[in-house]
Amino acid sequence: MLSLLPALRRYSRSLTRSDAEGEDLFQDCVETALAKRGNWRGINLKGWIYAIMTNLHRNHDRQTRRHPVVDLEEAADLPSPATSDDPLERQRLHSALNGLPDEQRTVLMLVVVEGHAYHEVAEILEIPIGTVMSRLSRARQRLRDVLAEKNIVTLRRPK
């Protein structure tokens, strides 16, 4: 494996087109290969490690597309989200979320906050996709009802 390290480092940099990201990918690959060395079947070590690096890179790309990262310098020009005028809104939302049944809150958090697709949530929770959609719909409706009771209504701002 030591003889493959220079080539792996070059490959990681070519995949990422960046020295810093390439070094991170390289280190992740070596760490994964060492941690999972029991999975290697004794044939073609080079191909096995390159497959690990390629898969790590693909997974990172998928994650980046789903949750893009912006450099701090680039983010300076982005508009910031409007802050609420109601200081208790966050507390009310927090208590409304905690008032949901566990199965509804879990699905809501995985879909809305974490950004998982319905089929991913179904796999994670080992439930049918229809159940995911039903629980999500009930959770959203319950939140709307609870927040409306507490007089939290989102109004459009006049232009």
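Here is a short walk through the charged and nonpolar side chains of this predicted model.

Start by selecting Arg13 in helix H1 (residues 5-16) and Glu23 in helix H2. Their side chains form a salt bridge, with the closest N and O atoms 3.6 Å apart. This pair links distant parts of the chain, ten residues apart.

Arg13 is partly exposed at 35% relative accessible area, while Asp19 is exposed at 54%. Now show Arg9 as well, and you have a network of salt bridges linking Arg9, Arg13, Asp19 and Glu23. The model has four salt bridges in total.

Next, stay with helix H2, which spans residues 19-35. Select Glu21, Asp24, Asp28 and Glu31 to see a patch of negative charge on the surface. Asp24, one of its members, is partly exposed, with a relative accessible area of 47%.

Move on to helix H6 and pick Asp102 and Arg105, which sit three residues apart, so about one helical turn separates them. Their side chains meet in a salt bridge at 2.8 Å, N to O. Arg105 is partly exposed, at 24% relative accessibility.

Helix H6 covers residues 102-113 and also holds Val112. Colour Val112 together with Met109 and Val113: the three form a nonpolar surface patch with about 240 Å² of accessible area together. Val112 itself is partly exposed at 46%.

Finish at Glu120 in helix H7 (residues 118-125). Is Glu120 buried or exposed? It is buried, with a relative accessible area of 18%, under the 20% cut-off. Display the backbone too, and you will find the Glu120 side chain reaching the backbone nitrogen of Ala117 at 2.8 Å.

Note on methods:
Residues numbered from 1 in each chain as written. Predicted model: local features only at pLDDT ≥ 70, side-chain atom pairs only at ≥ 80, totals over all residues. Heavy atoms only, no water. Patch = residues over 30% accessible without salt bridge, like charges linked within 9 Å, V, L, I, M, F, W, Y side chains within 5 Å. Areas by Shrake-Rupley, 256 points an atom, 1.4 Å probe, with all protein chains shown as cover. Helix = DSSP H or I, 4+ residues; strand = E, 2+ residues; numbered from the N terminus. Buried < 20%, exposed > 50% of the residue type's maximum accessible area, 1.4 Å probe, protein only. Polar contact = N/O pair within 3.5 Å; in protein donor to acceptor, adjacent residues only side chain to side chain. Lys, Arg positive; Asp, Glu negative; His and termini not counted. Charge placed at Lys NZ, Arg CZ, Asp CG, Glu CD.
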